[in-house]
Amino acid sequence: MANHKSALKRIRRNEVARLRNKYQHKTTRNAIKKLRETEDKSEAQKLYIEVTSMVDKLAKRNIIHDNKASNIKSKLAKFVNAL
């Protein structure tokens with residue numbers, strides 16, 4: 001167990017951040033699944049903008065790697081353009 005006040009606080013803060021990151025990541029994955037299930041092109045284009053923004057935020061906050069974000073956006077763009 002931690003012996004310093006600051007270490008105890010850090011443990012609490014890390015847990016809060018972990019839960020927040022987990023929530024944001026899961027929400028983004030669900031949005032990606034929703035986009036992949038869409039068959040209407042105009043709806044998919046609207047969803048693509050939202051999902052791209054969500055993925056960029058995850059990458060900016062180091063929840064996912066920048067290259068993974070680029071790969072996700074690229075694959076989704078191909079999917080939307082193929083509709």
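## Overall architecture

The chain contains three helices and zero strands, and its elements run α-α-α from the N terminus on. The radius of gyration is 17 Å, well over the 12 Å that the globule rule gives for 83 residues, so the chain is more spread out than a compact globule. The model described here is predicted.

Taken along the principal axes, the C-alpha atoms fill a box of roughly 60 × 20 × 15 Å. Of the 83 residues in the chain, 23% are buried. Among contacts with a separation of 6 or more, 58% are between residues 24 or more positions apart.

The buried residues of H2 are Ala44, Leu47, Val51, Thr52, Val55, Leu58 and Ala59. The elements that cover these buried residues include H1 and H3.

Thr52, a residue of helix H2, has a relative accessibility of 16% and therefore counts as buried, since the cut-off for burial is under 20%. A polar atom of the Thr52 side chain lies 2.6 Å from the backbone oxygen of Tyr48. Val51 is also buried in H2; leaving aside residues up to four places away in sequence, Val51 touches Ala31, Ile32, Leu35 and Leu76.

## Helix H3

Within H3, the buried residues are Ala69, Ile72, Leu76 and Val80. Seen down the helix axis, these buried residues fall within an arc of 65°, so they line one face of H3. In general, an α-helix has 3.6 residues a turn, so residues three or four places apart point the same way.

The buried residues of H3 pack against helix H1 (5–37) and helix H2 (41–60). On the other side of H3, the exposed residues are Asn67, Lys75, Lys78, Asn81 and Ala82.

## The nonpolar core

The largest nonpolar core has 15 residues, of which Ile32, Leu35, Val51, Val55, Ile64, Ile72 and Leu76 touch the most other members. Each of H1, H2 and H3 supplies at least two residues of this core. The largest share, six residues, comes from H2.

## Gln24 and its contacts

Gln24 lies in helix H1. When residues up to four places away in sequence are not counted, Gln24 touches Leu58, Arg61 and Ile63. Gln24 and Lys46 are 22 residues apart along the chain, and their C-alpha atoms are separated by 20 Å.

## The loop between H2 and H3

Asn62 is placed in the loop between H2 and H3. Although Asn62 is not a glycine, it has a positive phi of about 60°. Most residues other than glycine have a negative phi. At 67% relative accessibility, Asn62 counts as exposed, because the cut-off for exposure is over 50%.

Key. Residues are numbered from 1 along each chain as its sequence is written. This is a predicted model: local features need pLDDT of at least 70, side-chain atom pairs count only at pLDDT 80 or more; totals for chains, interfaces and linings use all residues. Side-chain values use heavy atoms; hydrogens and water are left out. Buried means under 20% relative accessible area, exposed over 50%, partly exposed in between (1.4 Å probe, protein chains only). Helices (H or I, at least four residues) and strands (E, at least two) are DSSP runs, numbered from the N terminus. The arc is that of the directions from the helix axis to the C-beta atoms. Contact means heavy atoms within 4.5 Å. A polar contact is a pair of N or O atoms within 3.5 Å; within protein, one must be able to donate a hydrogen and the other to accept it, and residues adjacent in sequence count only if both atoms are side-chain atoms. A nonpolar core is a set of buried Ala, Val, Leu, Ile, Met, Phe, Trp, Tyr and Cys residues joined through side-chain atoms within 4.5 Å. The radius of gyration is taken over C-alpha atoms; the globule rule is 2.2 Å times the number of residues to the power 0.38.
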